[in-house]
Amino acid sequence: MAKELTSKSENYSQWYNDLVVKADLAENSAVRGCMVIKPYGYAIWEKMQAELDRMFKETGHVNAYFPLFIPKSFFSKEAAHVEGFAKECAVVTHYRLKNDPDGKGVIVDPSAKLEEELIVRPTSETIIWNTYKNWIQSWRDLPILCNQWANVVRWEMRTRLFLRTAEFLWQEGHTAHATKEEALEETFKMVNVYADFAENFMAMPVIKGHKSENERFAGALDTLTIEALMQDGKALQSGTSHFLGQNFAKAFDVQFANKEGKLEHVWATSWGVSTRLMGALVMAHSDDNGLVLPPKLAPFQVVIVPIYKNDEQLSAISAKVDEIVGKLKARGISVKYDSSDAKKPGWKFAEYELKGVPLRLAIGPRDLENGTVELARRDLLTKEVVNIEGIDEYVENLLENIQQTIYKKAFDYRTEHTSKADTWEEFKEILAAKGGFISAHWDGTSETEQKIKEETKATIRCIPLDAEEEEGKCIYSGKPSNKRVIYAIAY
RNA sequence: CGGGGUAUAGCACAGUCCGGUUAGUGUACCUGCUUUGGGAGCAGGGGGUCGCAGGUUCGAAUCCUGCUACCCCGACCA
């Protein structure tokens with residue numbers, strides 16, 4: 001074996017680290033905490049972007065771009081926001097280098113100090129609301145529905161590829177509305193878009209819900225989240241949508257004249273998903289043989305491997321493969337024909353499994369004689385021999401089936417790892433025994449949430465949107481509660 | 001940012017304790033032949049500022065000091 005993966009059961013986090021690197025998704029760079037996203041990984045991200053971008057536009061949003069740098073003074077305008085991000089900001093203080101007079105290399109030119117330091121954006125609310133102030137005067141200017149695709153920097157102390165890096169790629173939507181109701185509606189709309197994307201494209205079931213006060217975005221009145229369950233029983237926050245109320249409008253003095261001619265502060269939302277989704281995708285489906293990619297996000301959905309003994313056989317096979325490729329492409333299926341002579345079939349089989357290609361099609365002399373191909377599906381690791389006749393339709397259906405099977409497997413895993421706890425003892429037992437989501441009553445206080453976190457490391461992942469009214473007692477304090485919330489140990 | 005660990009060829013490691021020929025093994029790479037339905041075999045070959053910077057010494061991968069990066073555990077976080 002050329003590339004050995006640590007097994008998932010032996011060491012889950014090592015398995016993840018190995019997989020990301022060995023499947024060629026990303027690697028660590030020369031810059032601490034910052035990753036290089038490699039072409040294969042970036043191709044998946046581009047597929048995610050393309051679909052999300054389409055969904056944003058379908059819901060009336062437009063793309064724009066705001067600066068990487070934010071004047072320091074902007075940051076202090078919204079108190080909770082500063083509080084939340086101050087500890088992880090990169091700061092630009094100078095704008096010039098010069099040759100070191102004492103010898104080698106370059107130094108920062110002390111005479112080139114900026115009058116006002118610039119913050120490398122950890123998120124763009126401040127620069128955007130400073131800008132929106134100029135865009136908004138009357139109710140006729142609203143709503144503003146902008147999104148931007150950008151990089152942001154949060155100076156993390158402990159990083160992991162995709163899951164937490166000092167610089168990451170994301171999209172951030174920032175909207176401005178005339179009424180609270182409309183802003184709230186937007187907040188919900190976007191969390192639904194994220195859930196739709198996660199489930200139908202990533203094949204990853206998610207729970208939609210409100211964040212508790214502790215977990216809320218700095219500066220938001222309400223944060224909605226989608227929470228996914230990874231295969232080690234830990235939760236991963238995969239996307240958030242914030243109702244910002246009038247906090248930023250007040251901080252940046254953004255008012256509009258309503259239909260009665262009175263000035264009012266604008267209502268705001270913001271929402272984002274990041275390259276963290278790549279980590280979610282890896283951890284939701286993959287196995288000890290490597291990545292398992294849902295067909296809708298795979299850089300190529302089908303790989304074709306020829307098996308041959310000489311050039312003559314290869315050209316006969318290639319002729320047949322060209323036909324197949326043409327038919328598959330006509331159906332919009334992306335396919336790679338790997339006729340390279342540099343590697344042997346067995347090597348290619350293992351390599352494409354590691355990279356999660358949903359469907360592998362092998363064709364050799366035996367198949368040419370019989371008019372067949374060998375189809376191997378990545379998700380189930382099963383093989384079958386099928387007729388070339390009608391292969392395109394067959395593959396198309398199979399890809400759809402793989403997409404659904406992957407989803408169902410993740411869904412079943414989540415179902416098995418979602419438990420109800422009614423007592424504190426039970427809660428701790430479940431957490432220790434199998435982890436996963438635990439549905440339990442909570443008295444609604446931060447103190448209780450904090451205590452539970454200290455004692456078990458579990459936090460409230462969300463208060464589900466579809467939580468049923470149910471009288472009960474808080475598992476920790478015993479105080480009355482009227483609905484269950486979702487606990488888990490989180491990434 | 002606190003505690004622990006690691007750093008030697010593209011990758012995985014040995015050698016470091018106890019300083020002493022030309023730094024070694026597997027794999028990957030290059031050439032040739034034979035191979036090709038699950039990570040091929042044989043033969044030959046190339047590749048190293050031993051993480052970086054200082055110091056000790058006749059002599060440093062090895063001892064000392066500082067720095068950097070990565071991994072694990074904590075605090076913090078998408």
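## Helix α12

The buried residues of helix α12, where buried means under 20% relative accessible area with a 1.4 Å probe and protein chains only, are Ile391, Asp392, Val395, Leu398, Leu399, Ile402, Gln403, Ile406, Ala410 and Arg414. An α-helix has 3.6 residues a turn, so residues three or four places apart point the same way. Helix α12 covers residues 391–416, 26 residues in total, and spans 36 Å between its first C-alpha and its last, close to the 38 Å expected at 1.5 Å a residue, the expected span being 1.5 Å times one less than the number of residues.

## Basis of the model

This is a predicted model, in which local features need pLDDT of at least 70 and side-chain atom pairs count only at pLDDT 80 or more, while totals for chains, interfaces and linings use all residues. Residues are numbered from 1 along each chain as its sequence is written, chains are lettered from A and ligands numbered from 1 in the order in which they are written, and side-chain values use heavy atoms, with hydrogens and water left out.

Helices (H or I, at least four residues) and strands (E, at least two) are DSSP runs, numbered from the N terminus.

Of the atoms of RNA strand B that come within 4 Å of the protein, sugar and phosphate account for 36%. By class, this surface holds 11 nonpolar, 9 polar and 20 charged residues, where Ala, Val, Leu, Ile, Met, Phe, Trp, Tyr, Cys and Pro count as nonpolar, Asp, Glu, Lys and Arg as charged, and the others, Gly among them, as polar.

Several polar contacts, meaning pairs of N or O atoms within 3.5 Å, can be named here. A polar side-chain atom of Lys457 lies 2.4 Å from a phosphate oxygen of RNA strand B, an N or O atom in the side chain of Lys343 is 3.0 Å from a phosphate oxygen, and the side chain of Glu156 has an N or O atom 3.1 Å from a sugar or linking oxygen. Two or more residues of this surface come from each of α1 (12–22), α10 (345–354), β19 (359–363) and α11 (365–370), and α10 gives the largest share, 6 residues.

## Strand β9 and its partners

In strand β9 (residues 144–153), 9 of the 10 residues are buried, so the strand is largely enclosed by the rest of the structure. Two strands pair if DSSP finds at least two bridges between them. Strand β9 is joined to β10 (residues 167–177) by 10 bridges in the antiparallel sense, with Asn147 opposite Gly173, and pairs with β3 (residues 62–63) in the parallel sense over 2 bridges, where Cys146 is the bridge partner of Val62.

## Backbone features in loops

Most residues other than glycine have a negative phi, and most peptide bonds are trans. A cis peptide bond with omega of about -5 degrees joins Leu142 and Pro143, and Pro143 lies in the loop between α5 (125–135) and β9.

Phi is positive, near 70 degrees, at Asp24, which is found in the loop between α1 and β1 (26–28). Leu381, in the loop between β20 (372–377) and β21 (382–387), has a positive phi near 60 degrees.

Note on methods: Buried means under 20% relative accessible area, exposed over 50%, partly exposed in between (1.4 Å probe, protein chains only). A residue is near a molecule or strand if one of its heavy atoms lies within 4 Å of it. A polar contact is a pair of N or O atoms within 3.5 Å; within protein, one must be able to donate a hydrogen and the other to accept it, and residues adjacent in sequence count only if both atoms are side-chain atoms.
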